[in-house]
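Thank you all for coming.

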Amino acid sequence: MKKLVVLSGAGMSQESGIRTFRDMGGLWEEYDVTEVATPQAWAKNPDLVNRFYNERRKQLLESEPNAGHYGLADLEKLFDVQIITQNIDDLHERAGSSKVLHLHGELKKARSSVDENLIYDIDGWELKIGDSCEKGSQLRPHIVWFGEAVPAIEEAMRIVQQADIFVVIGTSMNVYPAAGLINYVKRGTPIFLIDPNPVDVYVNFTFIQEKASKGVELLKEKLQKML
Ligand code: APR
């Protein structure tokens with residue numbers, strides 16, 4: 001089977017009711033990144049950071065995958081599909097995608113503040129101050145914050161280099177190193193980009209100017225002609 005590699009972002013989950021970050025009405029219009037999404041913010045006010053992610057976790061538990069997520073899962077019938085997502089939600093997995101690599105962490109998990117290998121599932125939506133790891137440290141959200149390393153980036157680069165087809169869905173391509181992955185696509189590999197808004201990308205690609213749900217449907221039609 002041909003390798004179909006997908007890089008997804010917040011727009012993928014927008015139709016599931018999860019806000020994006022940089023669009024009109026996006027999260028970063030309402031919240032100050034430096035107060036909720038950096039290690040310094042966590043050191044300064046863990047309660048504020050925890051409340052931010054608890055709210056998001058509560059919303060995720062009330063959200064469902066959309067037709068875009070299901071469409072990608074369905075493409076596994078025709079392709080070896082690997083999803084590389086910047087999203088911390090689990091909607092790709094809940095839609096049935098079997099290979100999902102999270103670059104920026106997972107909202108439903110917490111990790112130790114002293115040992116990043118100690119990762120735990122969060123029961124329900126609330127992570128509390130006082131919840132600790134087996135080494136006694138405060139648990140923190142298992143999220144890659146601004147200024148932190150992206151441990152999965154090398155694995156992602158390797159996957160992208162093997163792509164026979166590369167698809168970008170619902171990301172403004174503003175955040176690195178994730179946005180730089182497109183530069184690891186082998187020359188001559190077909191690239192598709194699905195987004196209702198234009199996105200600055202400096203390679204040749206087929207633009208499907210649609211929301212994820214409709215865009216994935218149109219992508220499927222194009223891909224079937226390439227089989
Ligand atoms: N379908 C597809 N794309 C959409 C939809 C939709 N329904 N709605 C909006 N979009 C597009 C927007 O046009 C934009 O290009 O999704 C993109 C969202 O961009 P951002 O809000 O910048 O989100 P993303 O690129 O995922 O952010 C990257 O930044 O804030 C950090 O760590 C966070 O992973 C995140 C990273």
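Let me begin with a pair of helices: within what distance do the axes of helix H5 and helix H8 come, and at roughly what angle do they cross? Please bear in mind throughout that this is a predicted model. The axes of H5, which covers residues 67-74, and H8, which covers residues 212-226, come within 7 Å and cross at roughly 25°. Since angles under 35 degrees count as roughly parallel, H5 and H8 are therefore roughly parallel to each other. The crossing in which H5 passes H8 is left-handed. On the H5 side the contact is made by Ala67, Gly68, Gly71, Leu72 and Asp74, while H8 brings Ala212, Ser213, Val216 and Lys220 to it. Sorted by class, the contact of H5 with H8 comprises four nonpolar, three polar and two charged residues.

From H8 we can move on to the sheet on which it packs. Six strands form this open sheet, in the order E3-E2-E1-E7-E8-E9, and their pairing is parallel. At the edges are strand E3, residues 100-102, and strand E9, residues 206-208, each of which pairs on one side only. From one strand to the next the twist averages 20°.

Within this sheet, strand E1 (residues 3-8) and strand E2 (residues 80-85) pair in the parallel sense over six bridges, and the bridge partner of Val6 in E2 is Ile83. Helix H7, residues 153-161, packs on the sheet by touching E1, E2, E3 and strand E7 (165-169), and its direction makes about 145° with that of E2. H8, for its part, touches E1, E7, strand E8 (191-194) and E9, and its direction makes about 160° with that of E8.

The structure holds 13 salt bridges.

Now to another sheet, in which three strands form an open arrangement in the order E5-E4-E6, with antiparallel pairing. Why is one side of strand E5 and of strand E6 left without a neighbour in the sheet? Strand E5 (119-121) and strand E6 (139-143) stand at the edges and each has a single partner strand, so one side of each is left without a neighbour there. The twist in this sheet averages 45° from one strand to the next.

Strand E4, residues 105-112, pairs with E6 in the antiparallel sense over four bridges, and Gly105 stands opposite Ile143 in E6. Helix H4, residues 46-61, lies across E4 and E6, running at about 135° to E4.

Finally, I would ask you to look at the loop between E7 and E8, where both Met173 and Pro177 lie. Most residues other than glycine have a negative phi, and most peptide bonds are trans. Against that background, phi of Met173 is near 55°, a positive value in a residue other than glycine. Tyr176 and Pro177, in turn, are joined by a cis peptide bond, with omega at about 10°.

Definitions and conventions
Residues are numbered from 1 along each chain as its sequence is written. This is a predicted model: local features need pLDDT of at least 70, side-chain atom pairs count only at pLDDT 80 or more; totals for chains, interfaces and linings use all residues. Side-chain values use heavy atoms; hydrogens and water are left out. Two strands pair if DSSP finds at least two bridges between them. Helices (H or I, at least four residues) and strands (E, at least two) are DSSP runs, numbered from the N terminus. Axes are lines fitted to C-alpha atoms, for helices over the stretch in contact, and angles run from 0 to 180 degrees between N-to-C directions. Contact means heavy atoms within 4.5 Å. Angles under 35 degrees count as roughly parallel, over 145 as roughly antiparallel, 65 to 115 as roughly perpendicular and the rest as oblique. A crossing is left-handed if the near helix is turned anticlockwise from the far one by less than a right angle, and right-handed if clockwise. Ala, Val, Leu, Ile, Met, Phe, Trp, Tyr, Cys and Pro count as nonpolar, Asp, Glu, Lys and Arg as charged, and the others, Gly among them, as polar. A salt bridge is a side-chain nitrogen of Lys or Arg within 4 Å of a carboxyl oxygen of Asp or Glu.
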